[in-house]
Amino acid sequence: MVLSKEYRLSEAAEITGIHIEKLKIDSRRGYLPTEIRIEGKKAYKVISTETLALLLQKKDSGGYQELKAQWRQEMFAGTCSGSSTPVSANYMVQLERGLKKLWAANGGEESIEGLNADALRKVFAHYQFDEVARRDHYATKMHIYKAVSSFIQFLIKKGHKPSSAFEEIKSIRPKARINPKRHSLELVEVWDAINFNAKWNDGRTSKDIQIMDMLLFLYGFTGVRRMEAANIKLSGVNFGTNEILVPGKWGKDRLVPMPNELAEKVKEWIENLRPESSLPYLMVNEHGKQLTERSIACRFIRLSKALALHKALIIVKQRQNEVVISNKAKEPYFDENVNIIFPKRTKEALLEEAAQVAKTLNCAVRPHDLRRAYAKMLSDQGMPLPRIQYVLGHGDIATTMKYINIKQKEATDWIRENFVITMPKKEKQSSAEVVLPESKQPIAETKPERKRKYRY
């Protein structure tokens, strides 16, 4: 029996050119078969000649890591898959997580050959539909699908994959078994969020309040996407026509009209309120830097939590007042300035109860909720559906229909109030008004004379 020669991880790193930390991580996760050897008081890991040959074969034939790094750079530059829009760092992290889940489900063998439809089917088999919890793992499967499809499109562009590889991937695109709950805001709720932001301090500076106020107006009354608002440039704002040039997805820019109130708000922001910055973007933070996707999300999460706590406090105070009045106690004393009663309870106890009530309230205010609310406002005011599709930047009108979310009762009420069946009235024209040419004059028919009958 001939024993195969063993190589330390440091030696394998020098031979293959793979970083030693990558080999250690793969060994720890079980992707790289290694054995432990002890020399004196020190322990080290070794790999066999066969394993080293497999590493060399992967590196020579695949070049996976180098292509992945190039794909990542092109995604950030916006030149991958024919797109001219750079992706955010948060979105790129989600794509890389999708690739990690793919390799974890398929044994961790990272290679270009492993990116195919069969590998995608195998990883989707790990996320079966949960009948008890009613969960289909749609978001997780979509992250994996988007990562694989984007990487394969890049490989096709570079000539490492045939064009049929992407068609096979498209055929197994995951579909949601449970329709997601889409949250939309009413016009009153939009104004509640705007008014609450103006009064909510909680240690915020005046610049924070002004930035959030401007974001609420942009999302609520132009219907732009989250990062579209952050990418609007000062040169794209036209006060002559009250329009904003919005940089849309995949390089599809569009002109979005501004209502007069919003145009005045934007003009005031540019001239007096916008923090000093050399950047060409309309929206910048208090330090003059461009708003990121994460910073915008954090601002809206904080606002939603504070708004929910505010509404929960109102509910708790109403309950407390009802208890005092129902017990027929002496007339409660209302302070004119505060107008709050705390009978036999501390303020901390009420805040704790309000925090529990706030968890049951759906007061989420997100950029996409405001986008849906804007679409619903346009529909309620009679704007045709194709025009709403253009303003929102949708490629398919079916997506716009989902945003509007017309209910049966709304359609029924509109028909009952507005729709009337009327018969068109035909106007009678006099003989003097109708003059026909001589060639088309009707020939008068001569009736034969009727013979009289006499009785004798």
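Helices here are DSSP runs of H or I with at least four residues, and strands are DSSP runs of E with at least two, numbered from the N terminus. By that count, the protein chain in this predicted model holds 18 helices and six strands. Of its 456 residues, 36% count as buried. Among the contacts with a separation of 6 or more, 60% are accounted for by residues 24 or more positions apart.

Here is a short tour, topic by topic.

**The nonpolar cores**

- The largest nonpolar core has 48 residues, and those with the most contacts inside it are M283 and F300.
- Helix α10 (residues 206-222) gives this core its largest share, nine residues.
- Once neighbours within four places in sequence are left aside, the contacts of M283 are I211, M214, L215, L218, A229, A230, W269, Q290 and L291.
- A second, separate core has 32 residues, including A105, A119, V148 and F166.

**Helix α10**

- This helix has 17 residues, and from its first C-alpha to its last it reaches 24 Å, close to the 24 Å expected at 1.5 Å a residue.
- Most of α10 is covered, with 14 of its 17 residues buried.
- Just after α10 comes G223, which takes a positive phi of about 70°.

**Aromatic pairs**

- In total, the structure holds seven aromatic pairs.
- One of the pairs joins W191 and F221: the ring centres are 5.8 Å apart and the planes meet at 45°, so this pair is tilted.
- W191 belongs to helix α9 (residues 187-199) and F221 to helix α10, so to speak of the pair is to speak of a link between distant parts of the chain, 30 residues apart.
- W191 counts as partly exposed because its relative accessibility is 37%, which falls between the 20% limit for buried and the 50% limit for exposed.
- F221 has a relative accessibility of 14% and therefore counts as buried.
- Y219 and F300 also form an aromatic pair, this one edge-to-face, with 5.6 Å from centre to centre and 70° between the planes.
- Because Y219 lies in helix α10 and F300 in helix α13 (residues 293-326), their pair ties together parts that are 81 residues apart in sequence.
- Both Y219 and F300 are buried.
- Elsewhere, W71, F151 and F154 form one aromatic cluster.

**Charges over rings**

- R8 has its charged end over the ring of Y44, 3.8 Å from the ring centre.
- R372 has its charged end over the ring of Y403, 4.5 Å from the ring centre.

**Helix α4**

- Helix α4 (residues 64-77) has 14 residues and reaches 20 Å from its first C-alpha to its last, close to the 20 Å expected at 1.5 Å a residue.
- Its buried residues are Y64, L67, K68, W71, E74 and M75.
- These residues cover an arc of only 125° around the axis, which means that they sit on the same side of α4.
- The cover over the buried residues of α4 includes α5 (89-105) and α7 (138-158).
- Just after α4, G78 has a positive phi of about 85°.

Notes:
Residues numbered from 1 in each chain as written. Predicted model: local features only at pLDDT ≥ 70, side-chain atom pairs only at ≥ 80, totals over all residues. Heavy atoms only, no water. Core = buried A, V, L, I, M, F, W, Y, C linked by side-chain atoms within 4.5 Å. Buried < 20%, exposed > 50% of the residue type's maximum accessible area, 1.4 Å probe, protein only. Contact = heavy atoms within 4.5 Å. Phe/Tyr/Trp six-rings, centres within 6.5 Å; stacked < 30°, edge-to-face > 60°. Lys NZ or Arg CZ within 6 Å of the ring centre and 35° of its normal. Expected span 1.5 Å × (residues − 1). Arc of directions from axis to C-beta.
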